[in-house]
Amino acid sequence: MSKKLKILILLLSLSLSGFAQEQLSLQEAITIALQNNYDIKISKNQIDIAKNNANIGNAGMLPNLTGSYTNGGSIQNTRQTPATGPDRVITGAKSTNNSYGADLNWTIFDGFSMFANYDRLKELQKQGELNSRLTILTTVADVINAYYDVVRQQQLVIAADSAMDVSVLRTSIAKTKLQLGRGSKLDVLTAQVDYNTDTSNYLQTKNALQVAKIRLNQLMVRDIGTTFSVEPNIDVDKGILYSKMAEMAGQQNPNVQNAFINQRIASLNLKSIRGARYPSVSLNSGYSRANSTSPTGFNQKFAANGFTYGVTASINLFNGFLQRQNERNARIDIENSSLTLSKTKLDVNSQLLTAYQNYSTYLDLIKLEQRNVDIAKENLDITLAKYRLGSIAPLELREAQRNAIDAQNRFIEMQYQAKIAETNLKAISGNIDLSK
């Protein structure tokens, strides 16, 4: 009966996962995510916007050329009464006017504000690139964690399946003993209850595996129902040095680099504001052509065309102390950006040390749980042999079985947690390998 149930479960698993599954490596998962992930695509579009904005025209260094065209007229009824002579009455007098031209205005000096603005736009472009890199690092870290979550759940399914094998064997032995008159019906029923418990755990673990696969498919932005298999083991990099990670974090962490750029932007903003203390000099020129007709005017037709040119200089003498206020606020922004930079460095160092502490602890726990797995397995083998001989009670076998399952599950969990800590370390230091 139990064998049939196990076969039914295995057949159900095959029907859910398909007859053939894609073998997905971590490198392939990362590559697919980098190509498809929506957040990465959005961040790349934002980089393009920042690049488009970082030009000398947007900084105010280029002239403005404006063209204009006007065409209009009027129809009027007029009565003119001269000093001598009769009134002059005109009905439906039609007047027209037509003009077009171009005006050029070029600010050639504004107290160096335009140069500060151009540098600020370039810094904003760098900031956009940093934000995109942060998005990529975060996405890759999420993919790595999700991938190894699938590996973890896959290993837990195997462990749960092994537990079912022991329960099947125990049930078979209990039935054989009952048939030989050396066992009891209670032992058989207890073995079947434990088997059902293991089966329930197996099905729940199998479900957790499917949920983990859905999450990974979501991160890769592909059909969430896509079936695949993953690598069998969780490989943890055991050679990470804290000093090296701390050095990289100071140089490559996107948040720290972002804070540096914000400090630079604040300084450039003050430079731009100070430019208002200097004169502003502009060159202007233009060309215009105009034609008009007016039957009721002194000149019934008029036409003109020509060029205009000039130089305009202006300086702010007093604007209600707003200049001083703006400069003071800009200095406060610089101070705030410096404080933010210090805070960001402290936060990053704290996160890095915490992650490294977790990493080191989990590496020690992996060694400990590995020994526990070996001991628990040996204990289960001995207990199972004694159970076959009838020298121990079923409860002792069940306890040994639980110890073996718990040891295996803890070992798998410690490997997974160590991998997460490793990934966090590399993400904080800005040193995640995007290829694997």
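Exposed means over 50% relative accessible area, buried under 20%, and partly exposed in between, with a 1.4 Å probe and protein chains only. The model is predicted: local features need pLDDT of at least 70, side-chain atom pairs count only at pLDDT 80 or more, and totals for chains, interfaces and linings use all residues. Residues are numbered from 1 along each chain as its sequence is written, and side-chain values use heavy atoms, with hydrogens and water left out.

**View 1. Phe 321 in a loop.** Phe 321 lies in the loop between β6 (301–314) and α8 (322–389); helices (H or I, at least four residues) and strands (E, at least two) are DSSP runs, numbered from the N terminus. Although Phe 321 is not a glycine, its phi is positive, at about 65 degrees. The relative accessible area of Phe 321 is 51%, so this residue is exposed.

**View 2. Val 221 in a loop.** The loop between α5 (185–220) and β4 (228–229) holds Val 221. Val 221, not a glycine, has a positive phi of about 55 degrees.

**View 3. The largest pocket.** The volume of the largest pocket is about 350 Å³. A pocket is an open set of points on a 1 Å grid over the protein atoms alone, where a 1.4 Å probe fits, with protein on both sides within 12 Å along at least five of seven lines. Its volume is the space filled by probe spheres set on the points, which are joined across faces, edges and corners.

**View 4. The lining of the largest pocket.** The lining has 16 residues, each with an atom within 4 Å of a point. Ala 159, Ser 162, Ala 404, Ile 405 and Gln 408 lie nearest the centre of the pocket. α4 (113–179), α8 and α9 (394–428) are the elements that give two or more residues to this lining, and the largest share, 6 residues, comes from α4.
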